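Biologist: I have a model open and would like to learn how to read its features one at a time. Could you take me through it?

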Amino acid sequence: MEHRLLGKDGPQVPVLGLGAWPLAGGMGSVDEKTAISTVHAAIDNGITLVDTAQSYNNSEALLGKALKSGYRNRCFLATKVSRDYSPQGIRAAIENSLSQLQVDYVDLYQIHGWNPAYPIAESMRTMAQLQAEGKARYLGVSNFNAQQMAEALQTARFQSTQPLYNLVDRGIEAEDIPFCEHAGIGILAYSPLAKGMLTGKHSLETEFPADDERSRISLSQGERKARYLQAAKALDTVARDKGISLVQLAIAWTLRLPAITCTLVGAKHPDQVLEHVGATQVKFTPDELARIDEIGKGIQA
Ligand SMILES: NC(=O)c1ccc[n+]([C@@H]2O[C@H](COP(=O)([O-])OP(=O)(O)OC[C@H]3O[C@@H](n4cnc5c(N)ncnc54)[C@H](OP(=O)(O)O)[C@@H]3O)[C@@H](O)[C@H]2O)c1
């Protein structure tokens with residue numbers, strides 16, 4: 001597994017991370033045994049960065065069980081404070097996360113999103129204190145734009161950001177990626193498969209069960225869903241010509257940029273993880289990248 005530096009002075013992390021939102025029922029129920037086997041399959045195959053959050057249902061508790069028997073020491077464990085970014089909220093959240101995860105520290109502690117209700121300087125100061133106390137080795141943010149990252153950096157150094165990035169959602173390319181390159185901030189790209197919409201297995205007729213977030217969120221409804229499906233159909237021909245799966249094309253494409261430190265991919269089964277690992281071997285020629293860009297024109301969200 002290829003590794004890249006997380007930020008200009010951070011640790012080496014694998015280019016693939018396991019996103020632990022679907023394992024805790026975020027996209028429909030997954031039985032605990034399968035969920036734990038999926039975590040083990042990821043780590044055993046080099047996907048040693050595992051990402052979760054306070055708000056991911058019982059994902060942290062599930063990881064607490066999965067990371068026994070030496071798995072915790074083999075992985076770079078990332079979680080997030082999700083709702084209340086006040087100093088008290090952040091402190092309560094990390095204590096709860098450490099207890100659910102059954103660990104003394106996490107490797108990366110991230111602020112899940114920007115919320116103007118909480119002054120960023122206060123939140124970052126608290127995050128830096130947690131780092132000084134040894135509860136988090138590194139700090140990160142998520143869903144921050146360039147201006148918000150610049151503001152956060154005025155109070156405390158952080159190692160990474162976590163934005164949405166895939167073949168259709170390319171909004172970070174204009175300003176956020178250049179900012180991260182300049183400031184030495186690592187990027188953990190999320191939802192490279194657009195929550196399954198870029199796998200080729202869904203159609204306009206697909207209906208998701210009520211316990212699957214895709215029955216509600218905008219990404220999998222109406223025009224937005226149609227755009228992903230249109231992209232998936234066109235890109236599948238590129239993948240076939242290259243002898244790889246569309247899933248592998250979608251993941252590998254995000255990693256074509258050195259600025260993307262790691263792509264976080266969600267999985268619900270060990271077999272899905274094994275397909276993801278194959279994506280790390282894929283390199284694109286300039287012609288293939290041009291073909292993908294051409295398909296993307298007019299489809300971008
Ligand atoms: N910071 C944030 O705000 C934020 C937001 C979203 C995600 N994230 C992080 O990023 C991670 C990844 O994003 P995501 O889980 O939302 O979406 P994703 O990785 O784009 O898609 C994951 C889903 O795609 C399907 N899939 C995965 N591998 C497949 C394969 N090999 N073949 C066919 N289908 C496959 C699975 O669902 P089905 O099999 O049911 O189709 C799986 O649940 C999350 O788990 C989370 O850690 C962070």
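This is a predicted model: local features need pLDDT of at least 70, side-chain atom pairs count only at pLDDT 80 or more; totals for chains, interfaces and linings use all residues.

Biologist: What is the phi of Ser191?

Modeller: Start with the general idea: most residues other than glycine have a negative phi. Ser191 has a positive phi, near 55 degrees, and is not a glycine.

Biologist: Is Ser191 buried or exposed?

Modeller: Buried means under 20% relative accessible area. Ser191 has 13%, so this residue counts as buried.

Biologist: Which side chain does Lys195 meet in a salt bridge?

Modeller: For a salt bridge, look for a side-chain nitrogen of Lys or Arg within 4 Å of a carboxyl oxygen of Asp or Glu. Here Lys195 pairs with Glu213, at 2.9 Å from N to O. Both residues belong to the loop between β9 and α7, yet they are 18 residues apart and the pair links distant parts of the chain. Glu213 is buried, as is Lys195.

Biologist: How many salt bridges does the structure hold?

Modeller: There are 20. One of them joins Asp107 to Arg72, with the closest N and O atoms 3.0 Å apart. That pair links distant parts of the chain: Asp107 is in strand β6 (residues 106-111), while Arg72 is in the loop between α2 (59-66) and β5 (76-81), 35 residues away. Asp107 and Arg72 are both buried.

Biologist: And a pair where I can compare the burial of the two partners?

Modeller: Look at Glu2 and Arg4, whose closest N and O atoms are 2.9 Å apart in their salt bridge. Glu2 has a relative accessible area of 33%, so Glu2 is partly exposed. Arg4 has 14%, so Arg4 is buried.

Biologist: Where is Ser203, and what does it touch?

Modeller: Ser203 is in the loop between β9 (186-190) and α7 (222-242). Leaving aside neighbours within four places in sequence, Ser203 is in contact with Lys225 and Leu229. Its relative accessibility is 30%, so Ser203 counts as partly exposed.

Biologist: Let's turn to helices. At what angle do the axes of α3 and α4 cross?

Modeller: When reading a helix pair, ask about distance, angle and handedness, then about the residues at the contact. The axes of α3 (residues 87-101) and α4 (residues 120-132) come within 9 Å and cross at roughly 35 degrees. The crossing is right-handed. On the α3 side, the contact is made by Pro87, Ile90, Arg91 and Ile94; α4 supplies Glu122, Ser123, Thr126, Met127, Gln129 and Leu130. These residues divide into five nonpolar, three polar and two charged.

Biologist: α3 also holds Ser97. With which side chain does the side chain of Ser97 make a polar contact?

Modeller: With that of Glu60, at 2.7 Å. Not counting residues up to four places away in sequence, Ser97 touches Glu60 and Thr79. The relative accessible area of Ser97 is 0%, so this serine is buried.

How values were computed:
Residues are numbered from 1 along each chain as its sequence is written. Side-chain values use heavy atoms; hydrogens and water are left out. Helices (H or I, at least four residues) and strands (E, at least two) are DSSP runs, numbered from the N terminus. Buried means under 20% relative accessible area, exposed over 50%, partly exposed in between (1.4 Å probe, protein chains only). Contact means heavy atoms within 4.5 Å. Axes are lines fitted to C-alpha atoms, for helices over the stretch in contact, and angles run from 0 to 180 degrees between N-to-C directions. A crossing is left-handed if the near helix is turned anticlockwise from the far one by less than a right angle, and right-handed if clockwise. Ala, Val, Leu, Ile, Met, Phe, Trp, Tyr, Cys and Pro count as nonpolar, Asp, Glu, Lys and Arg as charged, and the others, Gly among them, as polar. A polar contact is a pair of N or O atoms within 3.5 Å; within protein, one must be able to donate a hydrogen and the other to accept it, and residues adjacent in sequence count only if both atoms are side-chain atoms.
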